[in-house]
Amino acid sequence: MNGLLKLSIAMALALYAEAAAADKPDTLTIGITGFLSGPASVFGEPAKAASEILLDDLNREGGIGGVPVTAVWVDEGAGGEHVLSEYRRLVQDVGVDAMFASISSGNCKKVAPLAEDLQVLNIMWDCGTQKIFEENSYRYVFRTQANATPEMLSTLLYLLKTKPEFESIAVVNQDYAWGRDSWHIFSTALKQLKPGVRVVAELFPKFGAPDFSTEISRLLALRPDVILSTAWGGDLDNFVRQSVQRGLTERSTFVLPLMESSLQRIGPDMPEGVIVGGRGDHYFLHPEFRQDPDFQAFIERYKAETGEYPIYPVFHIAQALSALKGAYEKAIAANDGAWPGKEQVVEAMEGLEFRGLGRTVHIREDHQGVEDQMIGVTRHDPAYDFAVMDHMMIFPGSAITTPAGMESTAWLKTLSDSILDLPVQTYRHAE
Amino acid sequence: MRLVRYLPAVLVLVVAVLPLAVPWLKIVLTVALAKGLAVLGVVVLLRAGQVSFGHAMFFAASAYSAAFLMQGFAGADLAVLLLAGMVCSGTMGAVIGLFVVRYRYIFFGMLNLAFSMVLYALLEKMFHITGGSDGMAVGRPTYLGLELARTSFETALFYTSLGLAGAACWFVHRFLRSPLGEALSAIRTNETRLEYLGISARWILLIAYVLSAVLAGLGGSIIAVNQGVVTPDLGYWIRSGEFVFIAILGGAGHVLGAFAGALVYELVRFYAAAMAADVWQMILGFVLLGIILFASRGIVGLYRDLAAIAPGPRGHREPLR
Amino acid sequence: MDPILLLLATLDGIAYAALVFLVAVGLTLIFGVMRILNVAHGAFYAIGGYAAASLVLAISDADFSPWLSFPALLVAAAGVGAALGLVIERFLLRHIYAKEEVLQLLVTFAAFMILEDVQRLVWGVQPYSATDPVRLLGTVDVMGIPYNAYQIILLPVIAVMVLLGLRWFLRRTLSGKVITAVTEDRETAIAMGIDARKVFTVTFVIGAVLAALGGALASPTTAIQLGLGAEMIVLSFAVVATAGLGQVEGAALTALLIGLGRSFAVYLVPELDVLIPYMIMVLVLLFRPQGLFAVAEKRRI
């Protein structure tokens, strides 16, 4: 009798679920756009390698709600036309359940309205432009990491806390939106928090410039106290190597917010005392998790399979995947255990809290992720043949992210010195 | 095998109907048509034996003009954008043409390349006006006064492009058959004789140059609204090279070949990039090599061979012309 | 602009021009002899860089003397350049000498696209760099500003040596004279019994080696990464077209002009630096379509 009751309850639930939700699929498919060719493939390839490991782990543990997950990669290096066409094909023809797009901010701007029209969950898994959610609001688009504003602001706060004495600054950024926008954010906040600093040079060499000799000569002659560069990839490698060779790093304090992704390539040449970051609390020796067995297991497997330690895009893809998993699980729970419909998953994304490989991230009502930021300085440890981070500070994301509904420039202009007293945890590098 | 003769018509029909069955293909096919228009511009100049390695500049110029227009007048109409693009690229073609038509062969090609690189560098460098290498967003224009949703707009744009491509083919075909067009061919075969006849080769070439710039510009405007964004890459030398590549792939100097080439190129490129992300450039490279080494008359040439084998009434050997 | 900055900008310009010249001279040589604008030249440059960096890194991993890295740069460039040049000339170009100019150019364009993916498959996506040679030579101070001896002494010296060497080869040796003969009048040269095929092979290999040498010599200061070839080839085109196709000495002077123009731009109007080479190219071509240093070609009938 008991069994019959259970059965009928189960049947009733199933019928109910049928009405509210969808059939459980055989697999969950996600489309991921990232650079697999061109200079930015230094970010796409590590993320792709990581996604394979992470999905393997995930599926071995039963996938999401018992459903295995597979990923299809789209090469952003093949051009904007290709990304849009492939996006379309994956959604309309392959029928993917979610899209992760993209690395390039330009592509994020293109696909956000497309995702909205196609009504597909889109997680912006790596791009950094702060403008997306400040200029528009979307139902289907989310970002599972911070944006340029907290990334730049945390860098500036670190500089002001550790080297408050500087009087002049120069910038050498790549000539494209990220280079220009990041300097705009940094300089706006700088003017607010330390007015009177002289900007002695604003150089925007061409994206992919192979040679910075002339810029470096000019900076050597100008002797700014601080040199900021938000460059990345081969450009950053070139700039740092050429600066080291010419002794520029000895004359000025270097501030390189994306350096975490280049440390392993620069190797022993990297000078100590350079302020570096990794677009979030992304670091293979994360001081709070390096003893965590899951974290360690992942780092070791990644190192074994690729020969490198993971860099920040790896952490970003991990966050996107764990957000997706979190959203499905939240939606399944809200749905009394039944498989959720696409709209239910989208609703579950809002307000979601999840953890990738770093600290917990929270998705705000404007769909922007609130993520803590870690900045440190370089030093050498004989255990590694490249520089590691020391004196790491983790800044709470909630205090340094533009509040929902505000525009970053306007918000930065309201900052006061009190933000310098923000409580931050500081960690030393553990030998 | 009389059917072979109807092959082009059948293909046009397939292209026209395909997007109804496979909605996402619309975007790819519209891109192919837009590039086909630019290639048609290259083909016009090829008739005179001149190869431009900078035609992407007209493509980019009119794409940016669409972006500026949409920025200045939100809700401008597609017809206005297309017209403005043609005026913009035509004017630019006339100005640059005045200089380049004095030169022939490699010098003609190089000067075009030089102009296109200046435009590319400007678009990339003037961040505060053009958005630098990230480019500018292009909103969705109205379609003959109607505000359409994305899907219907894309359908409308596709059929508009198809119509424009047809019209352009017809026009260029007539142009090349006109005395002007015949004089253009004479530049390739014997320019001196042309001058003896009292015809200015420079003027003829200038007219052709402006026409080819307008065609490339039309393609550029279509790409801009189709993609919703314009970037300096639209004017990079690799894209100019791509246009020449497609012209040869289709069959050098052939009107319908421009579109046949663009379709094949876009589909190969799309599937190669989707299925073999690691080696899509290599695949395109081998396709290009194969065409040049083994079928240098391009797709049109292959078709002609096919049609020539097939028995048919004489005088119908060139159904594509 | 004060004289110190003038001097600094000049030094930077010379160092930059030396590398640009090495790449452009190979391109102009190939064009002069074969009348082919070789788009694959950019790929030779990149592959030369990758190969040199790999070899230098291998030497330092094996704990050999780091001074070996200097010959390693040359060996890598010669090996890669000769191999690529031979293969492409033999298996591709040879089949299209009789065809139109456009087709010849497109064949090299196809080779360029294929080689782009070859680089990806062989070296992956990470930038490569091998800085030993720069470190070994140290820096020299000019008005209190440290410069790499590698960049302001070694590179210009090598560039001048290549220039003088080429001049000597083309004017004083038999093979060089044969090449010059083919450059100046191909039909007559062939009629006089010169084996044009052999000349083409030799020229193409020399040109490819020079491009690879440019990449190899760039690798100690520059990270070699994907997409580098596409940038270098247009810059070389600009130099070659401005100088006049086939002009070896002209390419050297033009490289200097463009190098100085660019470095002065960085000091004075940094917003214009990328525009400079192409502005120069357009201006020169408008007034002298055959280039600065070429004599106008007589109309052949």
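Predicted model: local features only at pLDDT ≥ 70, side-chain atom pairs only at ≥ 80, totals over all residues.
Visitor: How do you know how confident the predictor is in chain C?
Guide: pLDDT runs from 0 to 100. Chain C averages 85, and 97% of its residues score at least 70. Among its elements, helix α8 (residues 186–191) of chain C has the lowest mean, 80. Helix α2 (residues 41–61) of chain C has the highest, 91. For the model, ipTM is 0.82 and pTM is 0.83.

Visitor: What is chain B built from, and what share of its residues is called buried?
Guide: Chain B has 13 helices and two strands. A residue is buried if 20 or more other C-beta atoms lie within 10 Å of its own. In chain B, 55% of the 321 residues are buried. Take its contacts between residues at least 6 apart in sequence: 79% of them join residues at least 24 apart.

Visitor: Which parts of chain A are called domains?
Guide: The domain assignment gives domain 1 (2–127 + 311–356) and domain 2 (149–288 + 373–427). Their centres, over C-alpha atoms, are separated by 33 Å.

Visitor: How many residues of the two domains of chain A are in contact?
Guide: Contact requires C-beta atoms within 7 Å. By that test, eight residues of domain 1 of chain A meet eleven of domain 2 of chain A. On the domain 1 side, α4 (105–118) and α13 (312–334) of chain A each supply at least two residues. That side has six nonpolar, two polar and no charged residues.

Visitor: What makes a set of residues a nonpolar core, and which residues have the most contacts inside the largest one?
Guide: The members must be buried nonpolar residues, joined through C-beta atoms within 7 Å. The largest such core has 360 residues. Those with the most contacts inside it include Met99(A), Ala114(B), Val20(C) and Ala212(C). Helix α1 (residues 3–34) of chain C gives the most to this core, 20 residues.

Visitor: Why is this core said to lie between the domains of chain A?
Guide: Domain 1 and domain 2 of chain A both give residues to this core, so it lies between them.

Visitor: Which residues does Ala212(C) touch, leaving out those up to four places away in sequence?
Guide: Ala212(C) touches Phe44(C), Tyr45(C), Ile47(C), Gly48(C), Ala77(C), Val80(C) and Gly81(C).

Visitor: What makes up the side of chain B that touches chain C, by class?
Guide: The contact joins 34 residues of chain B to 33 of chain C. The chain B side divides into 28 nonpolar, four polar and two charged residues. The largest share, 13 residues, comes from α5(B).

Visitor: And what classes are found on the side of chain A that touches chain C?
Guide: Here 29 residues of chain A meet 32 of chain C. The chain A side has six nonpolar, 13 polar and ten charged residues. Helices α2 (41–60), α8 (213–222) and α9 (233–245) of chain A each supply at least two residues to that side.

Technical notes. Residues numbered from 1 in each chain as written. Chains lettered and ligands numbered in written order. Helix = DSSP H or I, 4+ residues; strand = E, 2+ residues; numbered from the N terminus. Buried ≥ 20, exposed ≤ 12 C-beta atoms within 10 Å, placed from the backbone. Domains from an automatic or database assignment. Nonpolar A, V, L, I, M, F, W, Y, C, P; charged D, E, K, R; others polar.
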